[in-house]
Amino acid sequence: MTLINHDSKLSEIIVHDPSTITVLDRFGITLGVGDARVIDTCHEKDIDVDFFITILNTYINEDYFPQEILASFNVAKLVDYLSKTNSYYERNVLPNIERHFAFLLSKSPLANNNLVLMRQFFDEVKGELLQRIKNDCDSWFPEIMSNEQQTSLSVKTVIRDIENDCTDPIEDKIDDLINMLIMHLKGDYDHNLGYAVIVAIFSLKKDIKQNNRIRNRILRPISQALSHTNA
(Lines give C-alpha, C1' and ligand atoms only; values in the text may rest on other atoms or scores of the structure.)
Protein backbone atom coordinates (compact mmCIF):
# COMPACT_ATOMS: atom_id res chain seq x y z
CA MET A 1 0.00 0.00 0.00
CA THR A 2 1.19 3.51 -0.77
CA LEU A 3 1.96 5.56 2.30
CA ILE A 4 -1.01 7.10 4.07
CA ASN A 5 -1.28 10.86 3.76
CA HIS A 6 -3.58 13.67 4.87
CA ASP A 7 -6.07 12.97 2.08
CA SER A 8 -6.25 9.19 2.50
CA LYS A 9 -9.72 7.84 3.26
CA LEU A 10 -10.04 5.93 6.53
CA SER A 11 -12.37 3.40 4.91
CA GLU A 12 -9.73 2.51 2.30
CA ILE A 13 -7.07 2.13 5.01
CA ILE A 14 -9.28 -0.31 6.93
CA VAL A 15 -10.25 -2.32 3.83
CA HIS A 16 -6.58 -2.68 2.87
CA ASP A 17 -5.53 -3.79 6.38
CA PRO A 18 -8.38 -4.59 8.82
CA SER A 19 -5.88 -4.92 11.68
CA THR A 20 -5.63 -1.10 11.65
CA ILE A 21 -9.06 -1.03 13.33
CA THR A 22 -7.35 -1.64 16.65
CA VAL A 23 -4.84 1.16 16.03
CA LEU A 24 -7.58 3.60 15.06
CA ASP A 25 -9.41 2.69 18.27
CA ARG A 26 -6.40 3.90 20.29
CA PHE A 27 -7.01 7.33 18.76
CA GLY A 28 -10.73 7.19 19.56
CA ILE A 29 -11.77 6.34 16.00
CA THR A 30 -14.35 3.56 15.60
CA LEU A 31 -16.13 1.96 12.65
CA GLY A 32 -18.62 3.98 10.68
CA VAL A 33 -16.01 6.30 9.18
CA GLY A 34 -17.96 6.98 5.99
CA ASP A 35 -15.91 8.78 3.32
CA ALA A 36 -13.92 10.80 5.86
CA ARG A 37 -10.34 11.68 5.07
CA VAL A 38 -7.55 11.37 7.60
CA ILE A 39 -7.13 15.12 7.97
CA ASP A 40 -10.85 15.76 8.52
CA THR A 41 -11.17 13.12 11.23
CA CYS A 42 -7.99 14.25 12.97
CA HIS A 43 -9.20 17.85 13.06
CA GLU A 44 -12.62 16.75 14.31
CA LYS A 45 -11.10 14.68 17.13
CA ASP A 46 -8.19 17.03 17.90
CA ILE A 47 -5.57 14.44 16.91
CA ASP A 48 -2.07 15.42 15.81
CA VAL A 49 -2.43 14.46 12.16
CA ASP A 50 1.30 14.03 11.50
CA PHE A 51 1.69 11.76 14.53
CA PHE A 52 -1.39 9.78 13.48
CA ILE A 53 -0.11 9.29 9.92
CA THR A 54 3.37 8.30 11.12
CA ILE A 55 2.00 5.70 13.55
CA LEU A 56 -0.29 4.17 10.92
CA ASN A 57 2.42 4.02 8.25
CA THR A 58 4.82 2.46 10.75
CA TYR A 59 2.19 -0.13 11.67
CA ILE A 60 1.13 -1.04 8.14
CA ASN A 61 4.44 -0.95 6.28
CA GLU A 62 7.17 -3.29 7.49
CA ASP A 63 9.92 -1.30 5.77
CA TYR A 64 8.71 2.11 6.93
CA PHE A 65 10.38 3.40 10.08
CA PRO A 66 11.07 7.18 10.19
CA GLN A 67 13.21 7.16 13.31
CA GLU A 68 14.02 10.86 13.36
CA ILE A 69 10.41 11.87 12.72
CA LEU A 70 9.14 9.65 15.52
CA ALA A 71 11.82 10.94 17.87
CA SER A 72 10.80 14.53 17.10
CA PHE A 73 7.31 14.09 18.55
CA ASN A 74 6.49 15.09 22.09
CA VAL A 75 7.45 12.25 24.44
CA ALA A 76 3.98 12.36 25.99
CA LYS A 77 2.43 11.37 22.63
CA LEU A 78 4.59 8.23 22.42
CA VAL A 79 3.91 7.30 26.04
CA ASP A 80 0.17 7.83 25.62
CA TYR A 81 0.02 5.73 22.46
CA LEU A 82 1.99 2.85 24.02
CA SER A 83 -0.11 3.07 27.20
CA LYS A 84 -3.26 2.65 25.12
CA THR A 85 -1.58 -0.21 23.27
CA ASN A 86 -0.87 -1.94 26.59
CA SER A 87 -4.49 -1.48 27.63
CA TYR A 88 -5.59 -3.06 24.35
CA TYR A 89 -3.46 -6.14 25.08
CA GLU A 90 -4.68 -6.42 28.66
CA ARG A 91 -8.39 -5.78 28.12
CA ASN A 92 -8.99 -7.20 24.66
CA VAL A 93 -6.33 -9.40 23.09
CA LEU A 94 -5.29 -11.61 26.00
CA PRO A 95 -8.89 -12.29 27.17
CA ASN A 96 -9.85 -13.09 23.56
CA ILE A 97 -7.06 -15.66 23.23
CA GLU A 98 -8.01 -17.12 26.62
CA ARG A 99 -11.64 -17.53 25.53
CA HIS A 100 -10.60 -19.29 22.31
CA PHE A 101 -8.23 -21.57 24.23
CA ALA A 102 -10.93 -22.40 26.80
CA PHE A 103 -13.42 -23.32 24.08
CA LEU A 104 -10.80 -25.38 22.29
CA LEU A 105 -9.93 -27.29 25.46
CA SER A 106 -13.59 -27.85 26.31
CA LYS A 107 -14.16 -29.44 22.89
CA SER A 108 -11.04 -31.61 22.99
CA PRO A 109 -10.38 -34.95 24.75
CA LEU A 110 -8.51 -34.69 28.04
CA ALA A 111 -5.93 -37.04 26.58
CA ASN A 112 -4.73 -34.29 24.24
CA ASN A 113 -1.77 -33.39 26.44
CA ASN A 114 -0.11 -31.29 23.75
CA LEU A 115 -2.99 -28.81 23.90
CA VAL A 116 -2.83 -28.60 27.70
CA LEU A 117 0.90 -27.88 27.53
CA MET A 118 0.32 -25.19 24.89
CA ARG A 119 -2.27 -23.50 27.09
CA GLN A 120 0.21 -23.57 29.97
CA PHE A 121 2.86 -22.00 27.73
CA PHE A 122 0.39 -19.28 26.70
CA ASP A 123 -0.27 -18.57 30.40
CA GLU A 124 3.47 -18.09 30.83
CA VAL A 125 3.62 -15.64 27.90
CA LYS A 126 0.56 -13.83 29.24
CA GLY A 127 2.14 -13.50 32.68
CA GLU A 128 5.32 -11.97 31.25
CA LEU A 129 3.39 -9.53 29.07
CA LEU A 130 1.16 -8.44 31.97
CA GLN A 131 4.22 -7.96 34.17
CA ARG A 132 5.81 -5.76 31.52
CA ILE A 133 2.59 -3.74 31.25
CA LYS A 134 2.57 -3.29 35.03
CA ASN A 135 6.20 -2.17 35.01
CA ASP A 136 5.43 0.31 32.23
CA CYS A 137 2.46 1.75 34.10
CA ASP A 138 4.00 1.82 37.59
CA SER A 139 7.62 2.68 36.82
CA TRP A 140 8.96 3.20 33.31
CA PHE A 141 6.39 5.57 31.79
CA PRO A 142 6.15 7.80 34.91
CA GLU A 143 9.95 7.93 35.07
CA ILE A 144 10.20 9.01 31.43
CA MET A 145 7.62 11.76 31.90
CA SER A 146 9.30 12.98 35.07
CA ASN A 147 12.74 13.10 33.43
CA GLU A 148 11.33 14.81 30.35
CA GLN A 149 9.88 17.59 32.48
CA GLN A 150 13.24 18.18 34.16
CA THR A 151 15.34 18.76 31.06
CA SER A 152 15.42 20.99 28.02
CA LEU A 153 17.56 18.46 26.14
CA SER A 154 16.67 17.85 22.53
CA VAL A 155 16.77 14.07 22.84
CA LYS A 156 16.51 13.49 19.12
CA THR A 157 20.07 14.78 18.76
CA VAL A 158 21.53 12.08 20.99
CA ILE A 159 19.44 8.94 20.64
CA ARG A 160 21.44 7.74 17.66
CA ASP A 161 24.49 7.54 19.90
CA ILE A 162 22.87 5.04 22.27
CA GLU A 163 22.90 1.40 21.28
CA ASN A 164 19.90 -0.76 22.15
CA ASP A 165 19.20 -4.45 22.10
CA CYS A 166 15.95 -4.58 20.18
CA THR A 167 15.29 -8.27 20.74
CA ASP A 168 12.20 -9.02 22.79
CA PRO A 169 11.83 -12.30 24.72
CA ILE A 170 8.03 -11.97 24.60
CA GLU A 171 8.12 -11.80 20.80
CA ASP A 172 10.34 -14.89 20.77
CA LYS A 173 7.97 -16.81 23.04
CA ILE A 174 4.95 -15.90 20.92
CA ASP A 175 6.82 -17.27 17.90
CA ASP A 176 7.54 -20.46 19.89
CA LEU A 177 3.85 -20.79 20.78
CA ILE A 178 2.78 -20.36 17.16
CA ASN A 179 5.30 -22.98 16.05
CA MET A 180 4.06 -25.36 18.74
CA LEU A 181 0.47 -25.00 17.53
CA ILE A 182 1.40 -25.40 13.86
CA MET A 183 3.71 -28.38 14.35
CA HIS A 184 2.34 -30.25 17.37
CA LEU A 185 -1.42 -29.65 17.64
CA LYS A 186 -2.46 -33.21 16.84
CA GLY A 187 -5.15 -35.64 17.80
CA ASP A 188 -8.86 -35.02 18.17
CA TYR A 189 -9.76 -31.32 18.49
CA ASP A 190 -12.13 -28.77 16.99
CA HIS A 191 -10.28 -27.50 13.92
CA ASN A 192 -12.21 -24.22 13.65
CA LEU A 193 -11.40 -23.38 17.26
CA GLY A 194 -7.79 -24.32 16.64
CA TYR A 195 -7.63 -21.88 13.74
CA ALA A 196 -9.27 -19.19 15.88
CA VAL A 197 -6.56 -19.57 18.53
CA ILE A 198 -3.76 -19.32 15.97
CA VAL A 199 -5.28 -16.30 14.20
CA ALA A 200 -5.69 -14.47 17.52
CA ILE A 201 -2.08 -15.18 18.51
CA PHE A 202 -0.83 -14.08 15.08
CA SER A 203 -2.73 -10.81 15.57
CA LEU A 204 -1.00 -10.27 18.92
CA LYS A 205 2.37 -11.10 17.36
CA LYS A 206 1.96 -8.52 14.58
CA ASP A 207 0.85 -5.79 16.96
CA ILE A 208 3.68 -6.38 19.43
CA LYS A 209 6.28 -6.60 16.67
CA GLN A 210 5.23 -3.35 15.01
CA ASN A 211 4.89 -1.39 18.24
CA ASN A 212 8.14 -2.79 19.65
CA ARG A 213 9.90 -0.80 16.94
CA ILE A 214 8.53 2.37 18.52
CA ARG A 215 9.10 1.08 22.03
CA ASN A 216 12.65 -0.20 21.65
CA ARG A 217 14.10 1.95 18.89
CA ILE A 218 12.54 5.30 19.85
CA LEU A 219 11.18 5.48 23.39
CA ARG A 220 13.87 3.38 25.06
CA PRO A 221 16.78 5.45 23.66
CA ILE A 222 14.90 8.63 24.57
CA SER A 223 14.45 7.26 28.09
CA GLN A 224 18.16 6.49 28.34
CA ALA A 225 19.14 9.91 27.02
CA LEU A 226 16.89 11.63 29.55
CA SER A 227 18.22 9.46 32.39
CA HIS A 228 21.83 10.21 31.45
CA THR A 229 21.11 13.93 31.27
CA ASN A 230 19.38 14.06 34.67
CA ALA A 231 21.87 11.78 36.43
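**Cores and cavities in a predicted model**

Residues are numbered from 1 along each chain as its sequence is written, and side-chain values use heavy atoms, with hydrogens and water left out.

T20 is found in helix α2; helices here are DSSP runs of H or I with at least four residues, numbered from the N terminus. T20 counts as buried because its relative accessibility is 0%, where buried means under 20% relative accessible area with a 1.4 Å probe, protein chains only.

Now the cores. A nonpolar core is a set of buried Ala, Val, Leu, Ile, Met, Phe, Trp, Tyr and Cys residues joined through side-chain atoms within 4.5 Å. The largest one has 36 residues, and F27, V38, F52 and L219 have the most contacts inside it. Two or more residues come from each of α1 (10-16), α2 (20-26), α3 (38-44), α4 (49-60), α6, α7 and α9. The most, 8 residues, come from α4. Domain 1 (10-64) and domain 2 (74-230) each give this core at least three residues; the domain bounds come from an automatic or database assignment.

A second, separate core has 28 residues, among them L104, Y189, V197 and A200.

Next, the cavities. A cavity is a set of points on a 1 Å grid over the protein atoms alone where a 1.4 Å probe fits but cannot get out, and lining residues have an atom within 4 Å of a point. There are 2 cavities of 30 Å³ or more. Volume is the space filled by probe spheres set on the points, which are joined across faces, edges and corners.

What lines the largest cavity? L82, T85, N86, Y89, R132, I208, N211, N212 and R215 do, around about 60 Å³ of space. Both α6 (75-106) and α9 (191-230) supply at least two of the lining residues.

The second largest cavity has a volume of about 30 Å³. Its lining is I97, F122, V125, I174, L177, I201 and L204, with two or more residues from each of α7 (113-149), α8 (169-184) and α9.

Key. This is a predicted model: local features need pLDDT of at least 70, side-chain atom pairs count only at pLDDT 80 or more; totals for chains, interfaces and linings use all residues. On a 1 Å grid over the protein atoms alone, a cavity is a set of points where a 1.4 Å probe fits but cannot get out, and a pocket is an open set with protein on both sides within 12 Å along at least five of seven lines; lining residues have an atom within 4 Å of a point. Buried means under 20% relative accessible area, exposed over 50%, partly exposed in between (1.4 Å probe, protein chains only).
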